[in-house]
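I opened this structure for the first time today and wanted to write down, step by step, what I looked up.

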Amino acid sequence: MPESPHRLDVVIVGGGVAGLWLLDTLHEAGWSVLLLENSALGGGQTIASQGIIHGGLKYTLDGLLSPSANAIREMPQVWRDCLAGRRAPRLTQTRVRADCCHLWRTRDWTSQVGMLGARFGLRVRPLKLPRDQWPAALRGCPGEVYRLDEPVIDCAAMIAELAGRHAPRILKTAPRGGIAFERRADRTDGVRISSEGGQAARLHPDVIILAAGAGNAELRRAAGLDAAAQQVRPLHMVMLRGALPELNGHCADGARTRVTITTARDSAGRAVWQVGGQIAEDGVSMSPDELVAHARRELAAVLPGVAFAHAEWSTCRADRAEAAAGGRRPSDVQIRREGDVLTVWPTKLALAPRLAERVLRELPPAAHAAGRSQVEAALRDWPRPQGARPPWEVERSWQTWP
């Protein structure tokens with residue numbers, strides 16, 4: 001192991017949206033920073049996300065302005081500015097799957113949903129659509145359909161764009177034992193890293209940021225910190241592929257989102273639906289077969305005009321890792337500072353910019369910017385992680401129903 005450590009301002013552990021967004025933000029602001037990932041970039045929550053940049057309306061369906069809605073209401077415009085190249089990180093190569101989402105019910109609205117956005121000062125407000133502007137998938141629905149200007153992004157493309165821009169600053173460590181924290185008194189004094197190929201190095205950052213989603217618990221234990229600071233709330237999502245109409249949006253029942261559907265295209269050009277919302281919460285305790293049967297009933301109820309006879313069905317599980325909140329969803333980004341270690345949780349994909357802004361306030365001034373090119377050059381032969389594959393591209397069982 002080298003005796004002379006590489007000195008730098010920040011080491012980020014975890015290559016999902018939180019880590020990659022922080023990497024771009026800190027590098028552009030002048031810090032010397034490296035990101036460590038022991039698997040595939042975005043391989044946890046990020047690649048499993050449906051890619052909706054929420055604006056808060058789904059958190060006001062009970063007629064109240066929740067803290068969650070207040071925290072997230074600026075995010076669609078922030079992301080649109082990034083996607084258009086008007087602010088950093090510039091995501092001009094990240095594909096936008098849809099410019100908006102739709103909101104509908106299976107019967108007439110019992111509340112004035114169209115007034116909710118204005119009432120609570122949301123930036124994204126529901127716009128009631130005339131029937132001739134409804135998506136084809138919703139033509140058979142009674143009641144009303146609203147447009148929400150919440151874009152839907154391709155998460156794999158976002159990961160690839162950020163990773164490609166920062167390849168010299170992203171290192172792949174060995175899956176097991178590739179990151180070891182050096183402790184001195186109550187501080188983390190350094191980080192020893194190793195690769196599967198046998199490379200080894202010692203890093204001496206002023207600040208370590210743990211942004212590894214579900215992996216934060218193990219990292220915190222390794223750093224001598226309490227792993228109970230994190231909670232995990234599981235999801236079991238449904239996927240369909242085949243000749244399906246384009247649809248991105250939410251079917252709401254009262255204050256809950258009954259289903260959330262987004263549409264992607266797989267490598268064979270087939271439409272793929274990801275189905276989340278309450279159905280993914282309910283599916284946690286179900287087997288894949290039970291969840292598919294449940295999903296068939298739910299989708300038939302909320303989309304009476306759509307035929308699923310030739311669709312193929314599958315499921316995937318994902319864990320939402322968050323700061324401990326008694327099993328409830330935290331309303332905002334969370335940052336826990338313990339000495340020179342920050343543990344961060346964005347809570348939602350859409351909140352990654354807000355997390356980066358909050359982290360910037362926690363950091364000391366950059367002290368090692370002048371040497372960042374030397375650190376990158378010294379580690380140029382280190383292996384780099386690949387981006388994760390979307391869940392519908394991973395080998396799994398698909399089934400059809402008579």
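Entry one, on helix α1 and helix α10. I kept in mind throughout that this is a predicted model. I began with α1, which spans residues 17-28, and looked at how its axis runs against that of α10, residues 352-362; the two axes come within 9 Å and cross at roughly 50°. I noted the pair as oblique because of that angle, since an angle between 35 and 65 degrees is neither roughly parallel nor roughly perpendicular. For the hand of the crossing I wrote down right-handed, as α1 passes α10. I then listed who touches whom: on the α1 side there are Val17, Ala18, Trp21, Leu22, Thr25 and Leu26, and on the α10 side Ala352, Pro353, Leu355, Ala356, Val359 and Leu360. Sorted by class, this contact holds eleven nonpolar residues and one polar residue, with no charged residues.

Entry two, on helix α1 and helix α6. I stayed with α1 and turned to α6, residues 155-165, where the packing angle is about 40° and the axes are 10 Å apart. Which hand does the crossing of α1 and α6 have? I found a left-handed crossing for α1 and α6, whereas the one with α10 is right-handed. From α1 the contact takes in Val17, Leu20, Trp21 and Asp24, and these meet Met158, Ile159, Leu162 and Arg165 of α6. By class I wrote down six nonpolar and two charged residues, with no polar ones.

The bond that joins Ala88 and Pro89 is a cis peptide bond, with omega at about -5°, and I placed Pro89 in the loop between α4 (75-83) and β3 (96-98). Thr347 has a positive phi, near 75°, although the residue is not a glycine. I located Thr347 in the loop that runs between β18 (341-345) and α10. Is Thr347 buried or exposed? Its relative accessible area is 11%, so I recorded Thr347 as buried, the limit being under 20%.

Lastly I checked Glu74 against Ser397: the two are 323 residues apart in sequence, and their C-alpha atoms are 39 Å apart in space.

Terms used. Residues are numbered from 1 along each chain as its sequence is written. This is a predicted model: local features need pLDDT of at least 70, side-chain atom pairs count only at pLDDT 80 or more; totals for chains, interfaces and linings use all residues. Side-chain values use heavy atoms; hydrogens and water are left out. Axes are lines fitted to C-alpha atoms, for helices over the stretch in contact, and angles run from 0 to 180 degrees between N-to-C directions. Helices (H or I, at least four residues) and strands (E, at least two) are DSSP runs, numbered from the N terminus. Angles under 35 degrees count as roughly parallel, over 145 as roughly antiparallel, 65 to 115 as roughly perpendicular and the rest as oblique. A crossing is left-handed if the near helix is turned anticlockwise from the far one by less than a right angle, and right-handed if clockwise. Contact means heavy atoms within 4.5 Å. Ala, Val, Leu, Ile, Met, Phe, Trp, Tyr, Cys and Pro count as nonpolar, Asp, Glu, Lys and Arg as charged, and the others, Gly among them, as polar. Buried means under 20% relative accessible area, exposed over 50%, partly exposed in between (1.4 Å probe, protein chains only).
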